[in-house]
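Here is a friendly look at how some side chains pair up in this structure. Have the coordinates open as you read along.

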Amino acid sequence: MSAGWLSGLIDYGVIGLLVVLSILVVAVSLERYFLYRKLSIGSFEDIKSLELVLTRKLSVIASVGSNAPYLGLLGTVLGIMLTFYNMGKDAAMDTGRIMTGLALALKATAVGLVVALVAVVLYNALLRKVRVLMLEWEIANGRKTL
């Protein structure tokens, strides 16, 4: 029984999914950024309508930011399982191969953390812009929110 499929699952499955999620976060962030730049806040009758438009899709970025480390951890667990499996099959395995297997397993966690960091930074930057635009609407319309 070969464990090559598990190695492929870690590299192409988990890390591939994290790369796709990273691209999704950047795409949604750019879409929101360009929307915020061209949006005319004066065209909104009430602040709740403005808030709905401004916060649309931000939950996607927040979800990736909060779950990417767990996907990376899944890849690491699978990589460590693969290393232990290979150690069990080859009792005379040298420590260099064991350490290499463990180091490669940790790459999934590193990728997950990088994706999460990027997502959280972009989410916070966009959320700050949402707050600024809502305050500008309130100032222009002389209204307060609770």
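With which residue does Glu-31 form a salt bridge, the closest N and O atoms being 3.7 Å apart? The partner is Lys-57. This pair links distant parts of the chain, 26 residues apart: Glu-31 sits in helix α1 (residues 4-38), and Lys-57 lies in the loop between α2 (47-55) and α3 (58-89). Keep in mind that the model is predicted.

| Salt bridge | Closest N to O |
|---|---|
| Lys-57 and Glu-31 | 3.7 Å |
| Lys-48 and Glu-51 | 3.7 Å |

How accessible are the residues involved? Arg-32 is buried, because its relative accessible area is 3%, under the 20% cut-off. Glu-31 counts as partly exposed at 30% relative accessibility, and Lys-57 is also partly exposed, with a relative accessible area of 38%.

In helix α2, Glu-51 and Lys-48 are three residues apart, so about one helical turn separates them. Glu-51 is partly exposed at 28% relative accessible area, while Lys-48 is exposed at 53%. Elsewhere, salt bridges that share partners join Glu-31, Arg-32 and Lys-57 into one network.

Turning to the rings, the count comes to one aromatic pair. Tyr-33 and Phe-34 form this edge-to-face pair, with 5.3 Å centre to centre and 65° between the planes. Tyr-33 counts as partly exposed at 41% relative accessibility, and Phe-34 counts as partly exposed at 46%.

Notes:
Residues numbered from 1 in each chain as written. Predicted model: local features only at pLDDT ≥ 70, side-chain atom pairs only at ≥ 80, totals over all residues. Heavy atoms only, no water. Phe/Tyr/Trp six-rings, centres within 6.5 Å; stacked < 30°, edge-to-face > 60°. Buried < 20%, exposed > 50% of the residue type's maximum accessible area, 1.4 Å probe, protein only. Salt bridge = Lys/Arg side-chain N within 4 Å of Asp/Glu carboxyl O. Helix = DSSP H or I, 4+ residues; strand = E, 2+ residues; numbered from the N terminus.
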